[in-house]
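Hi,

Here is the structure I promised to pass on.

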Amino acid sequence: MFKLFVLYPFILLVCFWLASDVELKTSLIEFEESSLFIHFPKESLRSEGAEPWIDFYWDADHESIDIAA
């Protein structure tokens, strides 16, 4: 059960992270300046001119998820 609920999801998360363009901006002074951008798959793995399948943007004040169909 440990493999099913802990190990396999962790491996999937790491694979997703490695196949994504991730940009993390943080500020130790103000939390409002923190943000995270994830574009899946990486630009180097996409066809030329193709849009990412998943765009995730998180900001301390705003969040947005766009999933291409």
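The chain has 1 helix and 4 strands, where helices (H or I, at least four residues) and strands (E, at least two) are DSSP runs numbered from the N terminus. Read from that end, the order is α-β-β-β-β. Bear in mind that this is a predicted model, in which local features need pLDDT of at least 70, side-chain atom pairs count only at pLDDT 80 or more, and totals for chains, interfaces and linings use all residues. Residues are numbered from 1 along each chain as its sequence is written, and side-chain values use heavy atoms, with hydrogens and water left out.

On overall shape: the radius of gyration is 15 Å, whereas a compact globule of 69 residues would come out near 11 Å. That radius is taken over C-alpha atoms, and the globule rule is 2.2 Å times the number of residues to the power 0.38. The C-alpha atoms fill a box of roughly 40 × 35 × 20 Å along the principal axes.

Of the 69 residues, 16% are buried (buried means under 20% relative accessible area, exposed over 50%, partly exposed in between, with a 1.4 Å probe and protein chains only). As for contacts (heavy atoms within 4.5 Å), take those with a separation of 6 or more: 18% of them join residues 24 or more positions apart.

Now the aromatic side chains. There are 3 aromatic pairs; rings of Phe, Tyr and Trp (its six-membered ring) pair if their centres lie within 6.5 Å, and planes under 30 degrees apart count as stacked, over 60 as edge-to-face and the rest as tilted. One of the pairs is Phe37 with Tyr57: the ring centres are 4.6 Å apart and the planes are at 35°, so this pair is tilted. Phe37 sits in strand 2 (residues 35-40) and Tyr57 in strand 3 (residues 54-59), so the pair ties together parts that are 20 residues apart in sequence. Tyr57 is partly exposed, at 22% relative accessible area.

Another pair is Phe40 with Trp53, with ring centres 5.7 Å apart and planes at 65°, so it is edge-to-face. This pair links distant parts of the chain, since Phe40 is in strand 2 and Trp53 is in the loop between strand 2 and strand 3, 13 residues apart. How do the two partners sit, buried or exposed? Phe40 counts as buried, at 17% relative accessibility, while Trp53 is exposed, at 55%.

Cheers
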